[in-house]
Amino acid sequence: MFREERGLLLASLARRFGDLDLAEEVTSEAIEAALRHWPAEGVPARPGAWLLTTARRKAVDRLRRDRAYAARLAVLQADAERDEALAPASDAAGAGELPDERLQLFFTCTHPALAAEDRTALTLRCLAGLTTPEVARAFLVPTATMAQRIVRAKKKIREARIPFRVPGPDELPERLPGVLQVVYSVFTEGYAASSGPRLQRLDLAEEAVRLARILHRLLPAEREAAGLLALLLLVHARRDARTGPEGEPVLLEEQDRGRWDRAMIEEGRDLVVRALTGGPAGPYGVQAAIAALHDEAAGVESTDWAQIVALYDVLLALTPSPVVAVNRAVAVAMRDGPGAGLALLDALAGEPRLRAYPPYAVARGDLLTRLGREGEAAVAYREALEAAGTEPERAALRRKLGE
């Protein structure tokens, strides 16, 4: 319940008081108060309202104690009220139709005044509730670096007086890619957790799917919004088959495809058509098309690997990335044999961002095993084991080394 309510609390308080640090602090204090009172007094009928009321009181108390802080927030509040008063009627109507106040905070955290790398970091920290180390692992950077980014982003919002509001319809298209990236990053952490006892964090994945649905409803003509939702549905459809009885990871070729969510796959396939129709494809639409090819195939052998490689070629041109290059190499190995894929992976050996990316070492280990080079495969699996973030991953890699 705390995970569900935290984002709502933070969004409401940030909008009301115009300060993310204050909102985070009083949200944490309200949850702490609940942990003290509820075991003795019982959980209230409306726990979210209890938490919001408590957090607001704590914020007001803090402002009364610190007049300078209160004066600065009063200026921010006046700016926000002025912006709302000057906003066109169509903008106000569009904002009023938003089904979730958290999206206002999404657009604030992805404001163009913030550096691109800071936007996603701040949103993951504030709205998805990830810890700073988890955000750092998701972006393959040191924790200290990520902490600096988050502090820098909050300071920028405060000093630039960035309003906590949803942009008008004329601004939405240029602001949308940043928001889509944030939702995708939340889903990525849910699909493959960066740390902890479980491989998947289904609460985060489902939250990302829900937010992607809201964005798609808000901007039905935006093909990349459709592409992102399609991608998330097509991947999340495999959730029940991705782990075994003990929570261990199950590879795609070993999954029971009968456990995949066919209704979710059908919905995703329809959205893929929408995402790829009407102009050049975007990166989310292309990734969704790749996911659809996997979901449509009866098995690994019947998968259209040639088309998947071609789609990865398009994706690399749109968004050059070593992670995309790793995925393409694996697809090439399925199409042309393990030797061809290994050559492509070895060509990426100097890429620093892959040193802390376990799937790269795992892919090398698998291809080396298929080539009979078991000593080298063991070295690769040990490298993956050192970088693995979750216990199920580590257990699976230890089994591979044992084999």
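1. The model is a predicted one, and the count of cavities of 30 Å³ or more comes to 2.

2. Which residues line the second largest cavity? The lining is made up of Gly18, Asp19, Leu20 and Asp21, together with Lys154, Ile157 and Arg158. By class, the lining residues divide into 4 charged, 2 nonpolar and 1 polar.

3. Two helices each supply at least two residues of this lining: helix 2, residues 20-41, and helix 9, residues 143-159. The largest share comes from helix 9, with 3 residues.

4. Leu20 deserves a separate point. Beyond its neighbours within four places in sequence, Leu20 is in contact with Ala14, Leu105, Leu122, Cys126, Lys154, Ile157 and Phe164. Of these contacts, Lys154 and Ile157 are also among the residues lining the second largest cavity.

5. Leu20 also belongs to the largest nonpolar core, which has 93 residues. Which members of that core touch the most other members? They are Leu20, Leu105, Phe106, Leu122, Val183 and Leu232. Helix 12, residues 223-236, gives the largest share of this core, 10 residues.

6. Another core lies apart from the largest one and has 20 residues. Its members include Val326, Ala329, Leu345 and Tyr381.

7. To sum up, Leu20 takes part in the lining of the second largest cavity and is one of the residues that touch the most other members of the largest nonpolar core.

Terms used: Residues are numbered from 1 along each chain as its sequence is written. This is a predicted model: local features need pLDDT of at least 70, side-chain atom pairs count only at pLDDT 80 or more; totals for chains, interfaces and linings use all residues. Side-chain values use heavy atoms; hydrogens and water are left out. On a 1 Å grid over the protein atoms alone, a cavity is a set of points where a 1.4 Å probe fits but cannot get out, and a pocket is an open set with protein on both sides within 12 Å along at least five of seven lines; lining residues have an atom within 4 Å of a point. Grid points are joined across faces, edges and corners, and a volume is the space filled by probe spheres set on the points. Helices (H or I, at least four residues) and strands (E, at least two) are DSSP runs, numbered from the N terminus. Ala, Val, Leu, Ile, Met, Phe, Trp, Tyr, Cys and Pro count as nonpolar, Asp, Glu, Lys and Arg as charged, and the others, Gly among them, as polar. A nonpolar core is a set of buried Ala, Val, Leu, Ile, Met, Phe, Trp, Tyr and Cys residues joined through side-chain atoms within 4.5 Å. Buried means under 20% relative accessible area, exposed over 50%, partly exposed in between (1.4 Å probe, protein chains only). Contact means heavy atoms within 4.5 Å.
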